[in-house]
Structures are given as structure tokens and as C-alpha cells.
Amino acid sequence: MKNLLYLFVAVLLFSCNSKEKKDTKKTHLLAENKEIRTYLYGSFVGTFSVEERDTAKPITKENTRINILLKKITESEVTGQRIIDGKSKTIKGQMTKTGNTFYFTLKEYGDPKNDGVFNFEIQKDTLLVGTWTANDPTIEVTKRKFILTKKEFKYDPNLMLPEDDVYVDYVNPKKMEEQEQTEEQSQDEIEKDSINEDEEYESSSELFRAASSAILTINSSTTKLKESQLKNLKKLDLEILRNTIFARHGYAFKSNTIRQFFDYVPWYVPISENVNNQLTETETQNIILLKRFEKYATDSYESFGR
């Protein structure tokens, strides 16, 4: 009987110790996964520029826009997302603090050959400054730098493109043959151009399409568009009006043609690769109508300096 009692006590003590260890482990895990510094969450947007490159190789993209989105910070790990040229990748790593400054080291996950590591600090909670270093030291750009400003994304159907900007499609120039130029120019124009032939020929040999002021007055998110509003618009007008809907929802454009009109708009924050579920009924109907008119619309080409 006494032996049974000892055995019961031993089993009870073992159970208590096991439970205590489990509870301790659970508490530790909860502490590790507890989110901290949540006020640092959000999008930091700015220019992603070249700092170090292989000059023997042609560079395909010198400067571009980047959004670093911090989503979760715990004692053990930081999780975020980076969006460049409309393409999103997960970034993960750690955060440390020295004084009042937070330092981050986050690795990209997706394509090992073209991925890299972000090292940056956050200053005054709103400015993110740092560098990106490529995993592969043989690629054309091995290091980039950035100074990003925190921007809050909020869908607002009333947002419009800035009136003081110029909306010219510089990405898709139309080459103008020398013979065509001669036929289109008057003799006086030819003589005038010949004075500065070396300086002017390069720019005058390219023509570009430009949007009209309609893109600054028509709101394709709040107003149900009518055919009468669209029938005389240029193809570029229609494209911009349609894509402004997506820009208001934070869509990350992959096309260079579209990004050139939105990357530097103050309110534009690319946060998602798919916003179809966020479109309103009015926006959905307008997109269908705009695409129908785009199919048959044309553009005029003019000469613009760059």
C-alpha cells in the first residue's frame, strides 16, 4: 500500500512538472509572437536608385519606385512585403534598437538569383533609409539605396491626378523618318531647324502621344460615364481614366506605360496586385465602357521635349 502511495505521488509530481514546462513554453511562445511597435506598420514609398553596378553590363533599369510595407513585428521576427514595378515579394528578418533608432535586416523570398537583403533604419517613425544588396554579386546592379517616406493608403474615390503635371507617353515613342519630317515641314521650318541640326534632330525624330485635359476633369470612380463623354477622347485619355480607378485602390501596376503616369502622384500608394474585389459597381461598369471605347479610339502624335 505504501509503495502504491509513493508511485501515485511520483506520477502526480511528474504530471505537475510536465504541465509547468508546457505552460512555460506556451508563455514563451506567446511572448515571442506578441506584436510590438505596431505604430511602425504601414507603407514607406520612394525611389529605389542605383548605388553600385557592373559598368561593363548594360543597365536595364536605373531608378524605379518601391514600396516597403511592414506588416508584423515581434521580438523574434519582422514580416513585410516589398513592391517594385508592380511585383510583390515577401521580406522577413529581424529588428534591433539602438537609442531611439530601429534597425532592420530583411531578406527577400522568391527568386534567389535576383533577390537580396534590405538593411535600413527608421528615423522619427516616418522616414525609412537604407540599402539593398544583391545575393548574386555578378548581376548588373549589385546595390541600391533608398530614402522612403511613410504614406498611409486610404481609398478615396474623389482623388484626381495633379493638374500641374504633364501626361505624355514617353515610354512608347513613335519614330519619325527623315523623309516624313521633310514632307511635313515648311521650307522656313527646315531652314530654322538646320541651324541647330545636331541639337534638335534627336528630339524631333521622336513623336509622343499626350493626354488631354479630360483626364483632369472626368472622375471615373464617382460618376457613371456616358458614351457622349467618351466618343471624342483619345485612346490615351481612356487608358488613363480607366487606370486611375485602379490607382485609387492601390493597384500595383506592372506596365511601364501606366506606371509613368502614377508613380510620382502624391496620393498613389501601390499595395496590391489584385483589387478587383474592391471595385464599386460604378467603377466596374465604367471600366467595361472605357475598354470598349479604347478598342476603337486613336491617338495623335506630337513632338515633346524630355
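**Close-up views of a predicted model**

**View 1. An aromatic cluster.** Ring pairs join Phe48, Phe104, Phe118, Phe120, Trp132 and Phe146 into a cluster, where rings of Phe, Tyr and Trp (its six-membered ring) pair if their centres lie within 6.5 Å. This is a predicted model, in which local features need pLDDT of at least 70 and side-chain atom pairs count only at pLDDT 80 or more, while totals for chains, interfaces and linings use all residues. Residues are numbered from 1 along each chain as its sequence is written, and side-chain values use heavy atoms, with hydrogens and water left out.

**View 2. Phe48 and Trp132.** A search of the whole structure finds 13 aromatic pairs. In the pair of Phe48 and Trp132 the ring centres are 6.1 Å apart and the planes stand at 65°, so the pair is edge-to-face (planes under 30 degrees apart count as stacked, over 60 as edge-to-face and the rest as tilted). The pair links distant parts of the chain, 84 residues apart, with Phe48 in strand β1 (residues 42-53) and Trp132 in strand β7 (residues 127-134); strands (E, at least two residues) and helices (H or I, at least four) are DSSP runs, numbered from the N terminus. Both Phe48 and Trp132 are buried, that is, under 20% relative accessible area with a 1.4 Å probe and protein chains only.

**View 3. Tyr167 and Phe261.** The ring centres of Tyr167 and Phe261 lie 6.4 Å apart with planes at 40°, so this pair is tilted. Because Tyr167 lies in the loop between β8 (141-151) and β9 (174-175) and Phe261 in helix α8 (residues 256-262), the pair ties together parts that are 94 residues apart in sequence. Tyr167 is buried, with a relative accessible area of 6%, and Phe261 also counts as buried, at 4% relative accessibility.

**View 4. Surroundings of Thr244.** Thr244, a residue of helix α7 (residues 235-248), is buried with a relative accessible area of 5%. Its side chain reaches the backbone oxygen of Ile240 at 2.6 Å. Leaving aside neighbours within four places in sequence, Thr244 is in contact (heavy atoms within 4.5 Å) with Leu161, Phe262 and Trp267.

**View 5. The barrel.** Eight strands form a closed barrel in the order β1-β2-β3-β4-β5-β6-β7-β8, with antiparallel pairing, where two strands pair if DSSP finds at least two bridges between them. Strand β2 (residues 63-73) and strand β3 (residues 78-84) run antiparallel and are joined by seven bridges, and Lys72 stands opposite Thr79 in β3.

Methods. Buried means under 20% relative accessible area, exposed over 50%, partly exposed in between (1.4 Å probe, protein chains only). A polar contact is a pair of N or O atoms within 3.5 Å; within protein, one must be able to donate a hydrogen and the other to accept it, and residues adjacent in sequence count only if both atoms are side-chain atoms.
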